[in-house]
Amino acid sequence: MSDKMDMRISGSSTMPGGDYGRVSISGSGKVQGNLRADSIKCSGSAKILGNVVTDDFSCSGNCSLKGDAQAKKVHTSGAIKVEGTLTSDEIRVSGALKVERSIRGSLLKVSGGLSAEEDVEGEEFYLNGTAKIEGLLNAEKIEISASSPASKIKDIGCSSLKVRKSKGGFLKKVFGIDYALEANSIEADLADLEYTKADVIRGRDLYIGPGCRVRRAEYTGTCQAEEGTVEELVKI
């Protein structure tokens with residue numbers, strides 16, 4: 001059993017940074033400085049003015065971090081904003097996660113909204129929501145079943161990529177939104193794509209299906225492309 005002091009904020013309070021056991025914020029709390037804790041749970045509004053290191057970080061409220069965050073597990077059904085880098089073994093987002101630098105994790109599962117201003121790296125990346133990644137998304141396995149509006153990812157590198165559009169056509173009917181994914185470049189050994197807009201796709205085996213718009217596709221193995229989806233198709 002940990003002999004570290006717990007931190008509990010249920011009203012409006014400011015606490016010093018430090019090394020704690022369990023941290024629970026259900027009111028409006030501010031932590032002045034770096035925070036190290038066994039677990040952090042936020043169901044209210046929290047501002048942490050420093051770096052965070054914890055085993056378990058969960059948020060169903062609104063939490064903002066001024067520094068970097070390192071956690072074994074991160075889950076948000078609320079909103080988390082990290083002004084630095086986020087590193088975690090497991091990241092699950094059913095609310096909103098915004099990171100102003102890079103994200104590094106083994107497993108990333110997003111059914112809400114994800115935003116990163118730099119790179120996102122992981123082993124497995126599953127998206128059933130909307131993402132905006134302004135750098136490189138790099139993972140072994142990527143599966144995207146995106147809802148409107150389209151997810152915008154600057155560059156993608158992976159072994160396996162699958163893109164589908166989630167069911168429901170209301171936004172398409174109203175706003176004319178067609179794509180599940182928009183990217184500058186995609187590099188994948190295996191790419192199985194639908195409703196994808198990309199400038200360049202490079203890979204071994206490609207399937208470019210309905211709803212795609214690709215300027216150039218390069219492949220070394222096999223390629224099956226729906227008619228009218230690729231402007232320039234090149235076997236290397």
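Modeller: The model is a predicted one, and it holds zero disulfides. Cys 42 illustrates the point: its sulfur lies 4.4 Å from the closest cysteine sulfur, that of Cys 59. A disulfide requires the two sulfur atoms to be within 2.5 Å, so the separation between Cys 42 and Cys 59 is too far for a bond. Cys 223 is likewise in no disulfide, the nearest cysteine sulfur being that of Cys 212, 10 Å away.

Lys 47 belongs to strand E4, which spans residues 45-48. Its relative accessibility of 47% places Lys 47 in the partly exposed class. Apart from neighbours within four places in sequence, Lys 47 contacts Gly 29, Lys 30, Val 31 and Ser 64. Between Lys 47 and Thr 14, 33 residues apart along the chain, the C-alpha separation is 9.4 Å.

In soluble globular proteins, nonpolar side chains tend to be buried together. Here the largest nonpolar core comprises 62 residues, and Ile 103, Phe 125 and Ile 156 have the most contacts inside it. Strand E14, residues 130-146, gives the most to this core, contributing seven residues. Beyond four places in sequence, Phe 125 touches several residues, among them Leu 108, Leu 114 and Val 120. The contacts of Phe 125 also include Ile 133, Leu 137, Ala 139 and Ile 142, together with Lys 141 and Glu 143.

How values were computed: Residues are numbered from 1 along each chain as its sequence is written. This is a predicted model: local features need pLDDT of at least 70, side-chain atom pairs count only at pLDDT 80 or more; totals for chains, interfaces and linings use all residues. Side-chain values use heavy atoms; hydrogens and water are left out. A nonpolar core is a set of buried Ala, Val, Leu, Ile, Met, Phe, Trp, Tyr and Cys residues joined through side-chain atoms within 4.5 Å. Buried means under 20% relative accessible area, exposed over 50%, partly exposed in between (1.4 Å probe, protein chains only). Helices (H or I, at least four residues) and strands (E, at least two) are DSSP runs, numbered from the N terminus. Contact means heavy atoms within 4.5 Å.
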